[in-house]
Amino acid sequence: MPELSLARARKIIKATLARGHDMGLKPLSVVVLDSGGHVTAFEREDGAAPGRFPIAHGKAYGSIMLGMAGRAQMARAEAQAYFMTAVNGAYGGQVVPVPGGILIRDKKGAVIGAIGVTGDTSDNDAEAGLAGIEAANLVGEA
């Protein structure tokens, strides 16, 4: 299975933060997880709330562990709240099922990781994250 290198994870974060600046977003926090759900890289911008890591992590973790991006998780939570409650129980409360959790795919479509972005609205977080993934020549699924 292809790996998501530290250099590529850092590129994703850098481009995500740049897009956030271009959009005039509040300070962002961004985490990149590998295909096993392990943290590859994390950055919290100056001025971002100190508790943003678990939110960013939860967005990415739910995406990678369920193979389902944040928007799909939110739709599932709205349609079947009991399912997402059970999932959160199974994963120790670590899943945050909202936009901003984005699957990272290689050009062949294989999932190689996920990104979690938090700090502004969930939709804005997702837009910034998608730009970061695209800048790394990968494909994002929000």
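Which residues does leucine 138 touch, not counting residues up to four places away in sequence? I looked this up in a predicted model, in which local features need pLDDT of at least 70, side-chain atom pairs count only at pLDDT 80 or more, and totals for chains, interfaces and linings use all residues. Residues are numbered from 1 along each chain as its sequence is written, and side-chain values use heavy atoms, with hydrogens and water left out.

**Entry: leucine 138 and the cores.** I found that leucine 138 touches Leu4, Arg8, Ile12, Ile104, Arg105, Asp106, Ile112 and Ile133 (contact: heavy atoms within 4.5 Å). I then turned to the largest nonpolar core, which has 21 residues. Such a core is a set of buried (under 20% relative accessible area, 1.4 Å probe, protein chains only) Ala, Val, Leu, Ile, Met, Phe, Trp, Tyr and Cys residues joined through side-chain atoms within 4.5 Å. Ile12, Val32, Ile104, Ile115 and Leu138 have the most contacts inside this core. At least two of its residues come from each of helix H1 (6-23), strands E1 (29-34), E3 (101-105) and E4 (111-118), and H5 (DSSP runs numbered from the N terminus: helices H or I, at least four residues; strands E, at least two). H1 gives the most, with four residues. I noted a second, separate core of eight residues, including Leu33, Ile64, Leu103 and Ala114.

**Entry: asparagine 137.** I located asparagine 137 in the loop between helix H5 (122-135) and strand E5 (139-141). Asparagine 137 has a positive phi of about 60° although it is not a glycine.

**Entry: alanine 79.** I placed alanine 79 in helix H3 (residues 70-79). Alanine 79 and aspartate 123 are 44 residues apart in sequence and 19 Å apart in space, C-alpha to C-alpha.

How values were computed:
Buried < 20%, exposed > 50% of the residue type's maximum accessible area, 1.4 Å probe, protein only.
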